[in-house]
Amino acid sequence: MQKNSKKLQNLETNNQQPKKGILLVNLGSPKSTKVEDVKEYLDEFLMDERVIDYRWFFRALLVKGIILKTRPKKSAAAYKTVWTDEGSPLIVITKQIQQKLQKIVDIPVEIGMRYAEPSIETGIRKLTEQGVEEIVLFPLYPQYAMSTTETVVEKAKEVQAKHFPNIKINYVKPFYNRDIYINCLAESIKEKLPENFDMLQFSYHGVPERHIYKTDPTKTCKIGDCCFKEDHPSHQYCYRHQCLKTTELVREKLGLSENQVKSTFQSRLGKDKWIEPYTDETLENFPKNGVKNLAIVCPAFVSDCLETLEEISVEGKGEFLHAGGEKFNYIPCLNDEDRWINVVKQLCEEQLI
């Protein structure tokens, strides 16, 4: 009788556990390639104080008074080159990740975007409508940056406080140096590497140098000097260090020499000082330095998007070949590869315990 009573108590305890769910969060995309839709998206994106970190008045002057006057038309043309029948590649691939993950976990999985729809608020609401009380929110960025992981987390906290005060949210931390991720990325790259190549370039999304200092609460970062020091206190906040560490760990897994890899940073905006070296300048200089057969990967992204499909595999390829390069091999992101889905599952499960 006592044993049965204990079993009943355990069952009641289990039944009282909050229902859990997963929210995968990516950057976002315009809802179409129409100039007005691209303008709406860019307005939300560039007015984020963690993307362009000027005071509101000067940010609005730059974005609304200058950038949005000309850039939406140019960006709309770029989006048209990568748009699919199903829509934006970033949204399509994120949905594919969601669908594959849902098949191997027994809790609800939804997606949200930091900018545009489906928003973080939409994703959380969909989970709550399924009875979810505790969410594992996964920012789909391997490295930590103010304009990626931080803005996702802060936006989610804002939405939570305003609309879902009774929901608990656990966040998946940056995973740039986790063995499960490095092994996954290295295996994916290895399968796609050409048999012969002169250089494997790791092109990461760039950020202004001041972002590195702003995200360092230890105030110990000195860009360049501390990136390769062991256990430096700024490393958990330093985007540049985390990118270079990703390259180093993957290089070691692939058995390549230091001379066979190069880390660079793309997508500069404006005239501010951004972290170096720059991807476009490197691509133009490679051929004159003997790099004719290039392989390039973009590990700041887990899903192919405008910055990989157009900026690198189209625009970057053109720059390299025009400068005298002979072969340009773009290596796709992890996208919905099964091994990556298993990594996502494992990283989420760590927050479900």
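Biologist: Which residues in α5 meet which residues in α6?
Modeller: Ile120, Glu121, Ile124 and Arg125 of α5 meet Val152, Lys155, Ala156, Val159 and His163 of α6, where contact means heavy atoms within 4.5 Å. Helices are DSSP runs of H or I with at least four residues, and strands are runs of E with at least two, numbered from the N terminus. Please note that this is a predicted model, in which local features need pLDDT of at least 70 and side-chain atom pairs count only at pLDDT 80 or more, while totals for chains, interfaces and linings use all residues. Residues are numbered from 1 along each chain as its sequence is written, and side-chain values use heavy atoms, with hydrogens and water left out.

Biologist: At what angle do the axes of α5 and α6 cross?
Modeller: The axes of α5 (residues 120–128) and α6 (residues 146–163) cross at roughly 55° and come within 10 Å. Axes are lines fitted to C-alpha atoms, for helices over the stretch in contact, and angles run from 0 to 180 degrees between N-to-C directions. That makes α5 oblique to α6; under 35 degrees counts as roughly parallel, over 145 as roughly antiparallel, 65 to 115 as roughly perpendicular, and the rest as oblique.

Biologist: And what about α7 and α13?
Modeller: The axes of α7 (residues 179–192) and α13 (residues 338–352) come within 10 Å and cross at roughly 175°. That makes α7 roughly antiparallel to α13. Among the residues making the contact are Tyr181 and Cys184 of α7 and Trp340 and Leu347 of α13.

Biologist: Changing topic: in what order do the four strands of the open sheet lie?
Modeller: The order is β6-β5-β7-β8, with parallel pairing; two strands pair if DSSP finds at least two bridges between them. β6 (261–266) and β8 (327–331) each have a single partner strand, so one side of each is left without a neighbour in the sheet. The twist averages 25° from one strand to the next.

Biologist: Which helix packs on the sheet?
Modeller: Helix α9 (residues 239–254) does, touching β5 and β6, and its direction makes about 150° with that of β5.

Biologist: How many residues are in the largest nonpolar core?
Modeller: There are 106. Such a core is a set of buried Ala, Val, Leu, Ile, Met, Phe, Trp, Tyr and Cys residues joined through side-chain atoms within 4.5 Å; buried means under 20% relative accessible area (1.4 Å probe, protein chains only). Phe138 is one of the residues with the most contacts inside the core, and its contacts include Leu24, Phe175 and Trp340.

Terms used:
Buried means under 20% relative accessible area, exposed over 50%, partly exposed in between (1.4 Å probe, protein chains only). Lists of a residue's contacts leave out its neighbours within four places in sequence.
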